[in-house]
Amino acid sequence: VGTASADLIIGCDPIVTANKETMLRMRHGKTHVALNAHSAPTASFVQNGAWQNPGSACQAEIAKAVGPGGVGAFNADAAATKLMGDSIYANPMLLGYAWQKGWVPLGLESLLRAIELNAVAVENNKTAFAWGRRAAHDLPSVERLYASAQIIAMPAARESVNVLVARRVEFLTAYQNAAYAREYESFVRKVEQAEAPLGTTTLTQNVARYLFKLMSYKDEYEVARLHADTGFADKVNAMFEGDFKINYHLAPPMLSKTNDKGELQKQKFGPWMLTGFKMLARMKGLRGTGLDIFGRTEERKTERALIQEYRADLEDVIRTLSSRNHAAAVELARIPEQIKGYGHVKDRHLAKARPQWAALRHAYREAEDSPMVSKAQAIA
């Protein structure tokens with residue numbers, strides 16, 4: 001299709017539809033766009049923890065290119081998933097939507113015959129096509145069929161400390177052992193006891209979440225345990241049929257090459273790797289010991305050091321916690337939230353979190369040293 005020559009664009013994703021090559025084919029007043037308003041996350045989501053989905057902005061750009069009357073949009077993914085049981089049917093829905101709008105210069109019989117000749121899920125594709133036609137004619141009536149029931153939303157009760165801790169103790173027991181899990185619970189209970197006189201559990205809940213995050217770092221033993229678990233195989237078998245094989249993309253520190261930045265590069269391992277995972281999972285007891293060959297890497301040393309650094313900060317908090325510095329302590333306890341990802345991605349996030357961590361320590365000590373001011377004095 002030549003520049004500014006498209007009559008119809010069926011856009012199954014707003015981000016893809018708004019790319020430069022597609023936009024060049026659009027012309028104001030000529031081109032029509034049948035658009036799926038659902039926008040799937042891009043690869044940037046993996047690299048940027050603060051990524052914002054630009055779907056709405058892309059839709060606005062498309063409308064600007066063809067004119068508001070040239071765009072017809074609805075959430076075809078949601079409609080296909082709720083009405084047909086699979087988002088794959090968003091495609092024939094969009095075709096039906098465009099046809100009903102008068103944007104496809106073919107007879108209905110021709111399109112339905114084409115679906116039959118394709119000989120794949122014929123009745124489902126015809127049904128999806130019909131749903132798309134209805135969406136073009138009366139979208140609110142379609143949306144009502146799959147929209148959640150209107151209910152009065154009650155404030156959700158905050159998860160109790162006991163529930164938070166119990167679930168994480170169970171995980172850490174499987175991750176390492178019962179002693180490791182008890183170490184975690186014991187520390188959280190120390191924080192809970194220190195915070196109790198203040199009549200709140202906000203700090204304790206943060207520590208329960210983020211100490212767990214640091215203690216359950218995903219190393220080679222944990223990757224092996226999760227893959228060797230039968231639940232993983234059950235999920236994969238439920239998603240695919242027929243004869244298939246699983247390959248694993250991994251970056252073992254002692255076997256992988258690095259790029260020009262010194263970052264480990266993943267390589268493909270075949271199905272045989274599952275046997276290796278099962279063997280490695282049984283060796284998790286070596287984690288952190290002198291026999292832990294993986295624990296000698298700089299990454300693993302850093303992860304273990306972070307646990308101790310975080311606990312040391314919270315030990316200081318426990319000794320000096322008061323109503324003056326409680327809010328600062330809560331923010332300090334949340335710092336692991338900023339340390340995301342694995343490998344060199346985690347290194348980057350840690351480097352960015354370091355200045356904030358130092359600032360939060362300083363803020364806590366300042367709050368600790370500040371004189372107590374009553375509300376009445378502040379008003380006066």
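**Strands, helices and nonpolar cores of a predicted chain**

Strand β1 (residues 8-11) has one covered face, formed by I9 and G11, and one uncovered face, formed by L8 and I10. Strands and helices are DSSP runs numbered from the N terminus, with at least four residues for helices (H or I) and at least two for strands (E). In a regular strand the side chains alternate between the two faces of the sheet. The structure is a predicted model, in which local features need pLDDT of at least 70 and side-chain atom pairs count only at pLDDT 80 or more, while totals for chains, interfaces and linings use all residues. Residues are numbered from 1 along each chain as its sequence is written, and side-chain values use heavy atoms, with hydrogens and water left out.

The secondary structure of the chain comprises 18 helices and five strands. Of its 380 residues, 37% count as buried, where buried means under 20% relative accessible area, exposed over 50% and partly exposed in between (1.4 Å probe, protein chains only). Among contacts with a separation of 6 or more, 65% are between residues 24 or more positions apart; contact means heavy atoms within 4.5 Å.

Three strands form an open sheet in the order β1-β2-β3, with parallel pairing. The edge strands are β1 and β3 (71-74), each of which pairs on one side only. From one strand to the next, the twist averages 10°. Two strands are taken to pair if DSSP finds at least two bridges between them. β1 and β2 (residues 32-36) run parallel and are joined by four bridges. In β2, L8 has H32 as its bridge partner, and I10 has A34.

T22 lies in helix α2. Apart from neighbours within four places in sequence, T22 is in contact with I9, V16 and T17. T22 and T3 are 19 residues apart in sequence, with their C-alpha atoms 9.1 Å apart in space. M26 is placed in the loop between α2 (20-23) and β2. M26 counts as buried because its relative accessibility is 7%. Residues up to four places away in sequence aside, M26 touches A4, I9, T17, T31, V33, I62, A65 and V66. The C-alpha atoms of M26 and G2 are separated by 9.5 Å, and these two residues are 24 residues apart along the chain.

The largest nonpolar core has 40 residues, and those with the most contacts inside it are L172, Y184, L203, V207, L211, Y310 and V317. Such a core is a set of buried Ala, Val, Leu, Ile, Met, Phe, Trp, Tyr and Cys residues joined through side-chain atoms within 4.5 Å. Helices α9, α10 (178-195), α11, α15 (298-320), α16 (326-333) and α17 (343-369) each supply at least two residues of this core. The most is given by α11, with eight residues. A second, separate core of 25 residues includes A34, A80, Y89 and Y97.

V317 is in contact with L203, A329, L332 and Y364, leaving aside its neighbours within four places in sequence. Helix α16 is mostly covered, with six of its eight residues buried. These buried residues are H326, A328, A329, V330, L332 and A333.

Helices α9 (residues 161-175) and α11 (residues 202-215) pack at an angle of about 10°, with their axes 10 Å apart. α9 is therefore roughly parallel to α11. Angles under 35 degrees count as roughly parallel, over 145 as roughly antiparallel, 65 to 115 as roughly perpendicular and the rest as oblique. Axes are lines fitted to C-alpha atoms, for helices over the stretch in contact, and angles run from 0 to 180 degrees between N-to-C directions. On α9 the contact is made by V161, L164, V165, R168, F171, L172 and Y175, and on α11 by T204, Q205, A208, R209, F212 and M215. By class, the contact of α9 with α11 has nine nonpolar, two polar and two charged residues.

N125 is located in helix α8 (residues 122-146). With a relative accessible area of 15%, N125 is buried. N125 touches Y89, P92, I115 and V120, not counting residues up to four places away in sequence.

Methods
Ala, Val, Leu, Ile, Met, Phe, Trp, Tyr, Cys and Pro count as nonpolar, Asp, Glu, Lys and Arg as charged, and the others, Gly among them, as polar.
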